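Here is a friendly walk through the model shown below. Keep the sequence and the 3D view side by side as you read.

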Amino acid sequence: MPADVFVYLVSSARFSVKARNRKLVSLGLMAGLSCYIVLASATPAAAMHISEGFLPVQWAAFWWIVALPFFLVGLRSIARITKEHPELKLLLALAGAFTFVLSALKIPSVTGSCSHPTGTGLGAILFGPSVMAVLGALVLLFQSVLLAHGGLTTLGANMFSMAIVGPFAAYFVYHLLLRTGSQRAAIFCAAALADLLTYVMTSIQLALAFPAASGGFMASFIKFASIFAITQVPLAISEGLLTVLVWNWLHSYGKPELETLKLLRQES
Amino acid sequence: MNQKPTKNQQATARQNWLLVGAVVVLAVIPLVFVRGEYGGADGQAEKAISEIEPSYEPWFNHFFEPASGEIESLLFASQAAMGAGVIGYVIGLYKGRSQSQQQSDNKTLE
């Protein structure tokens, strides 16, 4: 009899230890992510995006005109997705929230200055690039109106780099690498390259608007790229890793949604 | 089907830890090894613009600017918090859903 009780106690203790371990792991993950967010957002003041008024009028207008069609196509594609698969709205919110979080995190980099990731890769892989043109634009609008970060006149240019070039790069890199390698590696590369190319595009935009007196476009591009793009390399890696993290969660718990999205891809 | 985490799930959990760890390490390394002011990259870009074209004046200003660095960091923190809240909500909901799905699968099997 006492032996039975002992066995029972031991087995129940072992079970609860396992359950607790799992709880601890998920709690730890949440704590890790929150710590990361708190620590990273503690570094003060702005990074990246072309600041308000810092593009000449004609360039500001040019980028607005270039970015608008993508935005409209994105709106239509969001309307289509939410109409055909209302259950995907939550995942859409997740993709938007991911950009929202990552573009608020100003992270120190090897160049001794700070910048932030863009978080557009995840949504582009899940829903296609044009959807991110809308979600990215919302993030940029929020930051330019409330945070004086970026700007309304430069919103078109910032949209083009962060919400259009980045997502499209992610989408193509993902589908290119998916055929050759593992899915996670493809996601990592897609998100990291989307991040990096966003800043390369920003450098191109600035160099186009401000070609150097000697050396012209290339000299300016190298100057701006050395500010933006090099700072961005470790951040791009971080963004790739975080995108894989969220992907892992979705892969474990959001299988029905991912299946629906696979169908979506085959349809279109 | 059982309740315990499968080997696959455990491997994913370990991978997730490594991912978070790597991101933290990537952010800390520059702080430890590189001396810098850690200002924003866009501030540097503004400086670069004034070097290339000294006469350039920004032709438009923000309607609203955070009153101080503290307010700005508050707004940035709330941006991150809102996003993180939504991510936690969605992932938590999905996790709960897949667990209750698993439980009802087990019941029908028994």
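## Where chain A meets chain B

In this predicted model, 70 residues of chain A are in contact with 60 residues of chain B, two residues being in contact if their C-beta atoms, placed from the backbone, lie within 7 Å. On the side of chain A that touches chain B, at least two residues each come from α1 (2-41), α3 (89-102), β1 (107-108), β2 (114-115), α5 and α8 (216-253). Helices (H or I, at least four residues) and strands (E, at least two) are DSSP runs, numbered from the N terminus.

The most is given by α8(A), with 17 residues. By type, this side of chain A divides into 46 nonpolar, 20 polar and four charged residues. Here Ala, Val, Leu, Ile, Met, Phe, Trp, Tyr, Cys and Pro count as nonpolar, Asp, Glu, Lys and Arg as charged, and the others, Gly among them, as polar.

## Chain B on its own

Chain B has three helices and zero strands, in the order α-α-α along the sequence. Its radius of gyration is 24 Å, well over the 13 Å that the globule rule gives for 110 residues, so chain B is more spread out than a compact globule. That radius is taken over C-alpha atoms, and the globule rule is 2.2 Å times the number of residues to the power 0.38.

The C-alpha trace of chain B spans about 80 × 35 × 25 Å along its principal axes.

## A covered helix in chain A

Helix α3(A) is mostly covered, with 11 of its 14 residues buried. Among them are L91(A), L94(A), F98(A) and F100(A).

## Two crossing helices

In chain A, the axes of α2 (residues 57-84) and α5 (residues 129-146) come within 7 Å and cross at roughly 105°. That makes α2(A) roughly perpendicular to α5(A). Axes are lines fitted to C-alpha atoms, for helices over the stretch in contact, with angles from 0 to 180 degrees between N-to-C directions; under 35 degrees counts as roughly parallel, over 145 as roughly antiparallel, 65 to 115 as roughly perpendicular and the rest as oblique.

The contact includes F70(A) and I78(A) of α2(A) and V131(A) and A137(A) of α5(A). Its residues divide into nine nonpolar, three polar and no charged.

## Reading the numbers

Residues are numbered from 1 along each chain as its sequence is written, while chains are lettered from A and ligands numbered from 1 in the order in which they are written. Because the model is predicted, local features need pLDDT of at least 70 and side-chain atom pairs count only at pLDDT 80 or more, whereas totals for chains, interfaces and linings use all residues.

Notes. A residue is buried if 20 or more other C-beta atoms lie within 10 Å of its own, exposed if 12 or fewer, and partly exposed in between; C-beta atoms are placed from the backbone.
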